Amino acid sequence: MRYEDDVISRTVIKLLNGLDYRDEIINSINAVFFDFTVDFFKKIVYAKFNGKEMNMKWYKKYFIKSENFSPDEVAIYAGLNKKTITNIYGTATKKVVLDAAKEHFKYLRNLLSELEDDSNQGLAVTISISYNDVDVKLSLSESLLVINALATKKLQIRGGAWSSIGKKVEKPLLDKLCELAGVPNKNIDNKIFVKDKNKSFDREVDYKLIDRDGKIYRIEVKLMGKGNPESADATIARDSDIFVADTLSQQNCNQLAARGIEYLILKDNDNIVTDFVSILKKLNIPCENI
């Protein structure tokens, strides 16, 4: 999922004002999902109207066996996502994804057919879609198949959003924080890098600041819920010197303090910039007083 610049900007502003940023992510997830849904419905009208096939064969022909969509898209239409396929088969090559999608669609079609046969006791679920004066109606099985694809897409969008939001926001967040604290550009290194380029297993750090004597301090950013066990562990893995977090439990704070790691909590903090300046002064990193 790609975040628009204004979403990132609003998220940074909320974080630096001690506010919860999650509504921005939720709004962005919904916007992307609704765009997908509208486009999906348009494709359904075309496929259903022009396909003429019955019993979901039109869906299989247009969405599962068609070469008009990427393997990732075909998987979604079949009710799977690439991550699940990778977890099951250990790979997500084009052939594996397409084969998994076809097999899963076959399973769903049989399951839905049985369900429709067993539930014909007054239950009627029909999705009606109209587009450019073309009207189509989906049966119970077809409707459930579409709903399942939409649910799969929503989970994919949501998972991608929450897992990547930190990487989307961390650099502009720290850039703005350093700007507010008055850190000179020559004391900032915001390039993407790893601790030791000769070690392929090293993970990249988020940010670096340089003190008056040229010593480098590594900064880690984590936007996570309170008490997440990965919080303090991330600083160990990357040898971080400063830890910036949305929230931290008291246990996390104690762990960081015991290791000599400075930390800055953002949520419900009315003195974020002041606290950051205090850390900078303690580490002999140039900054202008606020």
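1. Starting with the E7/E8 pair in this predicted model: strand E7 (residues 216-222) runs parallel to strand E8 (residues 242-245), and four bridges join the two. If you want a spot to look at, Val221 sits opposite Val244 in E8.

2. Zooming out, the strand order is E3-E6-E7-E8-E9, which makes an open sheet of five strands with mixed pairing. Strand E3 (188-189) and strand E9 (262-265) are the edges; each has a single partner strand, so one side of each has no neighbour in the sheet.

3. Next, what lies across the sheet strands? Helix H10 (residues 272-282) lies across strand E6 (207-210), E8 and E9. Relative to E9, H10 runs at about 170°.

4. Helix H1 (residues 5-16) packs against helix H2 (residues 22-51) at an angle of about 160°, and their axes are 9 Å apart. An angle over 145 degrees counts as roughly antiparallel, and H1 and H2 are therefore roughly antiparallel to each other. Their crossing is right-handed.

5. Which residues make that contact? On the H1 side they are Val7, Arg10, Thr11 and Lys14, and on the H2 side Asp23, Glu24, Ile25 and Ser28. Sorted by class, the contact of H1 with H2 has four charged residues, two polar and two nonpolar.

Terms used:
Residues numbered from 1 in each chain as written. Predicted model: local features only at pLDDT ≥ 70, side-chain atom pairs only at ≥ 80, totals over all residues. Heavy atoms only, no water. Axes fitted to C-alpha atoms, helices over the stretch in contact; angles between N-to-C directions. Parallel < 35°, antiparallel > 145°, perpendicular 65-115°, else oblique. Left-handed = near helix turned anticlockwise from the far one by under 90°. Contact = heavy atoms within 4.5 Å. Nonpolar A, V, L, I, M, F, W, Y, C, P; charged D, E, K, R; others polar. Pairing = 2+ DSSP bridges.
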